Amino acid sequence: VIASIRARLFLSLGIATLGVLVATWIFAELSTEPSSRGQIRSVLAFASVLALIVGVALTEWVARRFAGPLEELRRTADALAAGDFEVRARSRRPDEIGGLGRAIDRMADQLAERLAAVRNEETRLRVMLDAMEEAVIVADRDGRIALSNAAFVRMSGSTGLGRTIAEAMRSGELHDAVREAIAGRSAKAMFDLEGGRQKRTVAAHVAPLPAQAGLIVVLHDVTELRRLDAVRRDFVANASHELRTPLTAIRGFAETLRDGALEEPRIAKRFVGNIVENAMRLQRLVDDLLELSRSESPEAPMVMTSVDPLPIVSKVLTALEGRASSKGVQLGVEGTPESAPIRADARALDQVLMNLVDNAIKYTPSGGRVIVRLARDADALTIEVADNGPGISASHLPRIFERFYRVDAGRSREQGGTGLGLAIVKHLTQGMHGEVSVESKVGRGTTFRVRLARADGAPAQSAEQPSSA
Ligand SMILES: Nc1ncnc2c1ncn2[C@@H]1O[C@H](COP(=O)(O)OP(=O)(O)OP(=O)(O)O)[C@@H](O)[C@H]1O
Ligand SMILES: [Mg+2]
C-alpha cells in the first residue's frame with residue numbers, strides 16, 4: 001500500500017509540477033527580453049528542484065499517514081486469523097481507517113464470545129461423557145478412534161486415540177459389529193475382555209454416524225449383571241432343591257403309611273415323627289426365605305426404636321441353651337453394661353442374634369464354648385458372637401454372607417442348614433443402619449461382630465423417643 005500510494009502521489013505531483021514549469025517556461029520565452037531569459041531559466045531550475053523536494057516530502061508524509069495505520073490493522077487481522085483472540089486494533093481515528101479498525105475489534109469480540117461458548121459446550125460434553133458409566137468411543141470411517149471417555153480408559157487401560165477399535169479391543173464379535181456399522185447398520189455384540197485383573201463381560205452397541213462420518217461404540221460392563229443373574233438362577237435352583245428334599249421325604253413316609261404301615265402302630269408312629277420333622281424343616285426353610293425377601297425388600301418395615309439389647313440377648317441364650325448343653329457346648333455372656341439402649345428393630349435384632357448364636361453352637365464341636373460379648377464405645381454398641389470352633393478359611397470368608405453359601409454344603413445340610421442365615425443377618429443389620437463383620441482363624445474360631453448405633457450416644461438424637469424409620 002505504502003509503495004503504491006507513494007508512486008501514484010509522486011507521479012501526479014510530478015506531472016502537475018512539470019506542467020506548471022513547462023507553461024511558465026514557454027510563457028517566459030515568448031514574453032520577455034532575451035537578456036532576462038537566463039535569469040528566468042535559473043529561477044525556474046531552482047523552482048523545479050524545490051518542487052521535487054517538496055513533492056517527495058509531501059508524498060512520503062501522505063503515504064505514511066495512511067499506510068502506517070493500515071499496516072497496523074493488517075497485523076491485527078493476521079493475529080486474529082492465527083487464533084489470538086485477545087488482540088484489538090483500538091483505533092481512535094475518526095476516518096474510514098478508524099472505522100475499519102473498530103469493525104475488526106467488534107468482529108474479534110464476537111469471535112471470542114462464540115469461541116468461549118463453543119469451549120463451554122465442549123467442556124460440558126466432555127464432563128458428561130466422562131461421568132457416564134458406559135464406555136464410549138467415536139471412530140472415523142476406517143475404525144480409528146477419534147474420541148473416548150474416562151470409562152473407556154478404565155475398561156481398556158488407555159484412551160486408544162489413533163488406534164483402530166480392533167487394536168484397542170481384541171474381540172471378533174466387536175469387530176464384526178464394527179464392520180456392520182461401517183456398512184451403515186447398527187449392531188450389537190457381547191464379548192469377554194481378557195487382560196487386566198479379571199475377565200470382564202462387555203455388551204457393545206455400535207451405530208454408524210450420519211453422513212458416513214464414522215461410528216460410535218457404547219460399551220457396557222455387564223460382568224456384575226451377569227453375576228447377579230447367575231446368583232439368581234443359583235438361588236432358584238438351590239431353593240427348589242432345598243424344598244424338594246423334605247417334600248420327597250414327607251411324601252415317601254405318607255405313601256408308605258397309606259399303603260399299609262398305618263396298621264403297624266410302632267412303625268406308623270416313627271413315620272409320623274419323620275413327617276413332622278421334615279415338615280418343620282420345610283417350615284424353617286420357607287420362614288428363612290420369607291425373612292430374606294422381607295429383609296432385602298427396600299420397603300422392609302423396620303421399626304427403629306430405642307431398644308435395650310440385654311433382654312433380647314438373654315432370650316436368645318435361653319432359647320438356645322438346651323441345644324448347646326445337649327451338644328456339650330458352653331454358652332456364656334460377657335461385658336453386660338447396666339443399660340445400653342441402641343437404635344434397632346427388636347424383632348430384627350432377635351433374628352440376627354438367633355442366627356449368629358445358632359451358627360456358633362452348630363459349627364462348634366463338643367467341648368467348645370460360645371460367648372456373646374457386649375462392648376460400648378462413644379456412639380455404638382458392638383455385640384460379638386465368638387466361638388472356638390473350626391473357623392472359616394480366608395477363601396470362603398468373603399462369600400459366607402451370600403444366600404445359600406455354605407462352606408461345606410453337604411455337612412451343613414445334614415445339620416439342617418440352608419445357607420440363608422447369614423444372608424438374613426447381613427440384610428437385617430444393614431436395614432438397621434448397622435454393620436456386620438466377621439473375623440476367623442482356621443482351627444482357632446470365629447467371631448461375628450454386629451455394630452449398632454447407641455440410642456443415648458449422640459446428643460442430637462432424641463434418645464428415648466420411639467420413632468419409626
Ligand atoms: N461360627 C461359625 N463357625 C464356622 N463356620 C460358620 C460359622 N457360622 C457360619 N459358618 C459357615 O457359613 C455358612 C453360612 O452360614 P449360614 O448361617 O448362612 O447358613 P447355615 O447355617 O448353613 O444355614 P441356616 O442358617 O440357613 O440354617 C455355614 O454353612 C458355615 O459353613
Ligand atoms: Mg446359620
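At 29% relative accessibility, aspartate 456 is partly exposed, meaning between the buried limit of under 20% relative accessible area and the exposed limit of over 50% (1.4 Å probe, protein chains only). Its salt-bridge partner is arginine 454, with the closest N and O atoms 2.9 Å apart. Arginine 454 is buried, at 14%.

Some ground rules. This is a predicted model, where local features need pLDDT of at least 70, side-chain atom pairs count only at pLDDT 80 or more, and totals for chains, interfaces and linings use all residues. Residues are numbered from 1 along each chain as its sequence is written, chains are lettered from A and ligands numbered from 1 in the order written, and side-chain values use heavy atoms, without hydrogens or water.

Back to salt bridges. The rule is a side-chain nitrogen of Lys or Arg within 4 Å of a carboxyl oxygen of Asp or Glu. By that rule the count is 34. Take aspartate 78 and arginine 74, at 3.2 Å between the closest N and O atoms. They sit four residues apart in helix α2 (residues 34–81), so about one helical turn separates them. Helices here are DSSP runs of H or I, at least four residues; strands are runs of E, at least two; both are numbered from the N terminus. Aspartate 78 is partly exposed at 43%, and arginine 74 is partly exposed at 45%.

Next, the sheet. Five strands form an open, mixed sheet, in the order β7-β9-β10-β12-β11. Strands count as paired if DSSP finds at least two bridges between them. β7 (330–334) and β11 (435–441) are the edges; each has a single partner strand, so one side of each lacks a neighbour in the sheet. β7 and β9 (residues 369–376) pair in parallel over five bridges. Within that pairing, valine 333 has valine 372 in β9 as its bridge partner.

What packs on the sheet, touching β11 and β12? Helix α12 (residues 421–431) does, with contact meaning heavy atoms within 4.5 Å.

Finally, confidence. pLDDT is the predictor's confidence in each residue, from 0 to 100. The chain mean is 88, and 94% of residues reach 70 or more. Strand β12 (residues 445–453) is highest at 97; helix α11 (residues 409–414) is lowest, at a mean of 63. Over residues 460–469 the pLDDT is below 50, yet this stretch has 17 contacts beyond near neighbours in sequence. Where pLDDT is low, the predicted coordinates should not be read in detail.

Terms used: Axes are lines fitted to C-alpha atoms, for helices over the stretch in contact, and angles run from 0 to 180 degrees between N-to-C directions.
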